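Subject: Structure handover and notes

Hello,

Here is the structure you were going to take over. My notes on it follow below.

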Amino acid sequence: MAENPVKWLFLILTSYLSFALVLLAGDPLIKKTYIVQMDKSAMPTSFSTHLEWYSSKLKSVKSNTQREGDGDDQERIIYSYENAFHGVAAQLTEEEAERLEEEDGVVTIIPETKYQLHTTRSPMFLGLEPEESTSIWSQKVADHDVIVGVLDTGIWPDSASFNDTGMTPVPAHWKGTCETGRGFQTHHCNRKIVGARVFYRGYEAATGKINEKNEYKSPRDQDGHGTHTAATVAGSPVRGANLLGYAYGTARGMAPGARIAAYKVCWSGGCFSSDILSAVDRAVADGVNVLSISLGGGVSSYSRDSLAIATFGAMEMGVFVSCSAGNGGPDPVSLTNVSPWITTVGASTMDRDFPANVKLGTGTTVSGVSLYKGRRFLSANKQYPIVYMGSNSSSPDPSSLCLEGTLDPHIVSGKIVICDRGISPRVQKGQVVKDAGGVGMILTNTAANGEELVADCHLLPAVAVGEMEGKAIKHYALTNPKASATLTFLGTRLGIRPSPVVAAFSSRGPNFLTLEILKPDVVAPGVNVLAAWTGELGPSSLATDHRRVKFNILSGTSMSCPHVSGIAALLKARHPEWSPAAIKSALMTTAYVHDNNHNPLEDASVAAPSNPYDHGAGHIKPLKALDPDLAITPSLVQET
């Protein structure tokens with residue numbers, strides 16, 4: 001009985017907080033960020049600047065209460081857009097936004113949207129020749145004049161991938177700059193990194209001030225994602241690149257002669273549309289030739305999608321834009337960034353793998369993958385008890401997912417733990433097993449992942465296996481009280497067949513906004529890609545990972561997008577007269593749809609042939625795209 005008052009008090013407090021939140025959400029005076037698209041040509045002659053006109057519009061819709069309490073109208077304007085997009089991002093109440101949308105000259109008003117990131121062998125696999133060749137990577141001055149803007153988490157300028165040795169002076173047409181801040185000074189820019197900017201006003205308006213002790217409020221990248229994508233686009237050649245011995249070789253970007261301009265739009269709490277829009281607008285004014293955007297949000301109609309509108313403006317001004325398709329596969333209609341003028345890139349595998357084996361007590365050996373390299377190793381001559389906390393081998397449950405707090409140390413200590421994929425990051429499951437006293441982990445795919453294997457740099461001995469093998473191992477552990485296994489790691493293997501294969505996680509079409517326009521456009525390497533990494537985080541990105549590496553291996557359409565961005569830079573260098581549409585056409589009309597076994601491309605989620613909603617026009621073929629038999633440049637038709 002004594003605990004009942006506590007329960008009632010808890011219920012009362014919960015109800016009060018819920019009621020308060022509802023009232024707060026419905027407060028008509030609460031201001032939010034809205035993106036306001038304006039008709040630039042509609043500005044009355046009485047205004048000397050567009051910003052003055054925009055401010056006047058905001059003032060005209062203010063409520064009486066807001067007029068009394070607010071200061072300068074321009075303080076409510078977070079950004080003013082002038083190049084790829086025309087208008088402002090401003091703090092408005094819902095009522096003000098509705099009134100403003102009725103004003104003359106206002107095209108549309110779009111609420112702030114939160115976007116998320118879509119997280120060395122690839123040049124050779126794509127058929128690009130060695131750096132010393134006189135062919136595609138020839139060091140012509142024109143190659144150095146192409147600038148790729150990368151919208152991401154910033155850049156780690158100390159990486160050898162951004163060495164500018166041998167590069168010519170920065171092109172005269174470049175108007176960008178290097179913004180400075182903690183960890184990033186003017187000298188961090190060079191002839192490779194020609195520009196670096198930060199965009200955080202929308203983020204801070206939505207989440208509060210950035211904690212500068214915990215996060216670089218500068219172009220420096222502590223997440224690693226932006227460094228990885230920038231190096232994939234245009235990283236300089238680095239011999240001996242590897243991740244803890246895996247994938248050893250020369251790492252180079254797709255267009256090692258191109259320049260990089262880093263636009264930091266993503267922070268620890270996400271990426272916001274007003275910041276992304278400002279970065280696109282600024283990049284176009286700075287003079288980029290290509291934009292690489294490895295992030296995405298939900299799908300809205302083209303006229304209500306600020307990124308779609310901005311990239312259309314960029315395309316009109318001659319800038320090629322490539323975006324990641326998203327990691328929502330294998331579900332159909334899971335694409336993001338579906339605008340026809342964007343090159344939407346799905347992910348595929350390469351002919352390189354990182355094999356590892358699970359040797360069961362029955363003598364059966366199951367093949368998997370892993371990037372584990374640490375002090376803890378399991379003896380190949382000893383069998384360790386294995387345990388699966390799930391109730392059956394077919395359906396994952398909370399215990400089988402190895403989530404925080406679900407493993408009993410008394411049960412798993414000293415054992416290899418079988419964990420199902422899902423809910424939490426793959427590497428985090430290993431940390432949970434390690435904390436509970438487990439000596440190793442077998443990470444099993446579920447139906448959502450099929451037989452696709454993605455290697456991870458785990459913190460304890462761990463091997464990822466496919467769904468079918470996983471079911472067999474789980475059945476063995478559930479039915480045999482003395483079930484045992486050991487794990488072995490086999491390094492790097494090349495010449496994998498079949499390849500490429502469409503990644504199971506790669507988002508699929510159709511494009512439900514415009515069914516007759518095929519999306520994704522193409523697929524490119526996006527599984528187990530090696531590229532430069534931040535010095536701020538370990539390769540697993542977990543706070544508990546104290547290892548530091550110069551290169552990391554990641555998977556996602558975030559990795560496939562910069563492959564296409566870099567190839568587009570190569571095509572622009574070779575054919576400076578080509579429009580963005582011509583470059584996209586060359587990539588699509590020369591793409592191929594057969595693997596290295598001469599069979600149709602496979603879909604990793606079902607181990608069966610993929611279709612155009614999975615792979616688009618096919619897998620990119622850069623050498624062929626340089627000299628396509630057909631390059632289509634569609635005309636822009638204005639409605640009257």
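What is the mean pLDDT of the protein, and what percentage of its residues reach 70 or more? The model is predicted, with a mean pLDDT of 88, and 88% of the residues reach 70 or more. Over residues 1-25 the pLDDT is below 50, and this stretch has 1 contact in the model beyond near neighbours in sequence. Residues 130-135 also stay under 50 in pLDDT, and for them the model has 9 contacts beyond four places in sequence.

Disulfides

Taking a pair of cysteine sulfur atoms within 2.5 Å as a disulfide, the count comes to 3. With the bonded cysteines numbered in sequence order, they pair as 1-2, 3-4, 5-6.

In one of them, C178 is joined to C189, with an S to S distance of 1.5 Å. The link between C178 and C189 is left-handed, at -95° about the S-S bond. C178 and C189 both lie in the loop between β6 (147-152) and β7 (193-198), so the pair ties together parts that are 11 residues apart in sequence. Both cysteines, C178 and C189, are buried.

Another disulfide joins C266 to C271, at 2.1 Å from S to S. The torsion about the S-S bond of C266 and C271 is about 105°, so this disulfide is right-handed. C266 is buried at a relative accessible area of 3%, and C271 is buried at 1%.

C402 and C419 are also joined by a disulfide, with S to S at 2.0 Å. The link of C402 and C419 is left-handed, with -85° about the S-S bond. This pair links distant parts of the chain: C402 is in the loop between β20 (384-388) and α11 (409-412), C419 is in strand β21 (residues 416-420), and the two are 17 residues apart. C402 and C419 are both buried.

C561 is in no disulfide either, and its nearest cysteine sulfur is that of C323, 6.0 Å away. C323 counts as buried, with 0% relative accessibility, and C561 counts as buried at 0%.

Helix α10

The buried residues of α10 are S306, L307, A308, I309, A310, T311, G313, A314 and M315. What caps the N-terminal end of α10? D305 does, with a side-chain oxygen 3.0 Å from the backbone nitrogen of L307. After α10 comes G318, which has a positive phi, near 90°.

Nonpolar cores

The largest nonpolar core has 98 residues, of which V358, I386, I473, L571 and L587 touch the most other members. Which helix gives the most to this core? Helix α14 (residues 557-574) does, with 8 residues. Leaving aside neighbours within four places in sequence, L571 is in contact with W578, I583, A586, L587, A625 and L626.

Strand β2

I78 lies in strand β2 (residues 77-81). Is I78 buried or exposed? At 9% relative accessibility, I78 counts as buried. Apart from neighbours within four places in sequence, I78 is in contact with T33, A89, A90, Q91, R201, G202 and A205. The C-alpha atoms of I78 and Y34 are separated by 9.6 Å, while the two residues are 44 residues apart along the chain.

Places to look at

When you open the model, the stretches with pLDDT below 50 include residues 1-25 and residues 130-135. For the cysteines, the bonded pairs are C178 with C189, C266 with C271, and C402 with C419.

Regards

Terms used: Residues numbered from 1 in each chain as written. Predicted model: local features only at pLDDT ≥ 70, side-chain atom pairs only at ≥ 80, totals over all residues. Heavy atoms only, no water. Helix = DSSP H or I, 4+ residues; strand = E, 2+ residues; numbered from the N terminus. Buried < 20%, exposed > 50% of the residue type's maximum accessible area, 1.4 Å probe, protein only. Polar contact = N/O pair within 3.5 Å; in protein donor to acceptor, adjacent residues only side chain to side chain. pLDDT = per-residue confidence, 0-100. Contact = heavy atoms within 4.5 Å. Core = buried A, V, L, I, M, F, W, Y, C linked by side-chain atoms within 4.5 Å.
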